Amino acid sequence: MHARQLIMVSLLLCVISISCKDQKTSEIKEEKKLFITPIGKKVEIPVPSQKALDQYQKAKQDYESDPKNVENIIWYGRRTGYLGKYEDAIQIYTEGIEKFSNDARLYRHRGHRYISIREFDKAVADLEFATTLIEGKENEIEPDGLPNAQNIPISTIHGNIWYHLGLAYYLQNEMEKAYKAYLICRNLKSNDDNIVSSTHWLYMIQRRLRKEEAAKILLAPVNDQMSIIENTSYYNLCKFYKGLIPVDSLQKNNGAAQDDATKYGLANWYFYNGDQEKAKKLIMELLEGKSWNSFGYIASECDYLRYFME
């Protein structure tokens, strides 16, 4: 074959390769759909970034090449979930559980995605069972699917199981159970990020239970010298609860709008301090946003249905 012909063949193969990749990307983008929240809001699942699509394709290929590898199953489910395809992720974990019924990580991740689609009973069932599977076992760092700015994983398998179980209980208004789960989570004492995230929920729970003094005692580990990598919003809320910073400092962050965690924490603070009007206003503002899968959004949704729906 002449050199010119070789060049033409190479170019043709390149075009075919790019076309196949574009087709796969197009297939995923075409699956974009609406999610209808419990309050009837229609939310369009955003088109994922090219990086997220590439990571998904890599995880899918790894899984298809070795579907009996539990790590491949977990990452295929995680990458699918990051695209907003929560039902598909749940199905992947379910199939994984059929193969590895005693791997707590599969129940932990499926429980998380049940929270995302507001099936809290199923989330509780998965996460409760996961706690039985980790009993007596050594805790491990859980790799990040969406790394923080320092690329340092801050969560553990045990911590994530207890944290998400506490959240699922909280969303069901099972405050005593939520308190116990978050207390176990905090007692793991893995790092300052996890201390402030669990303390934030513990404090709110005790205030919801009208145990103000007990709530104050929970803030003892919070101080100005903590080393926070990721959970800055929870840290600032805990400092606010303790009186280390004023409420004004939570209103804006260098001119940026409040994130959902801060807005929900502040709305909740007004709620259990008796200012229902301000609480409702903040919750309604949060629910007008697009972050329908954030924990602050889901918690606001539950509170709206429970306390403010007319």
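How many helices and strands does the protein chain have? The chain has 15 helices and 2 strands; these are DSSP runs, H or I of at least four residues for helices and E of at least two for strands, numbered from the N terminus.

A word on the source. This is a predicted model, where local features need pLDDT of at least 70, side-chain atom pairs count only at pLDDT 80 or more, and totals for chains, interfaces and linings use all residues. Residues are numbered from 1 along each chain as its sequence is written, and side-chain values use heavy atoms, with hydrogens and water left out.

The pLDDT, the predictor's confidence in each residue from 0 to 100, averages 89 over the protein chain, and 88% of the residues score at least 70. Over residues 1–30 the pLDDT is below 50.

Next, burial. Of the 310 residues in the protein chain, 48% are buried, meaning under 20% relative accessible area with a 1.4 Å probe, protein chains only.

Now helix α5, residues 104–116. Why is α5 described as largely enclosed by the rest of the structure? Because 13 of its 13 residues are buried. Just after α5, R118 takes a positive phi of about 70°.

Last, the core. The largest nonpolar core has 87 residues; such a core is a set of buried Ala, Val, Leu, Ile, Met, Phe, Trp, Tyr and Cys residues joined through side-chain atoms within 4.5 Å. Helix α7, residues 157–171, gives the most to this core, with 10 residues. I115 and L171 are among the residues with the most contacts inside the core. L171 is in contact (heavy atoms within 4.5 Å) with residues including I115, F120 and I298, leaving aside its neighbours within four places in sequence.

Note on methods. Buried means under 20% relative accessible area, exposed over 50%, partly exposed in between (1.4 Å probe, protein chains only). The expected span of a helix is 1.5 Å times one less than its number of residues.
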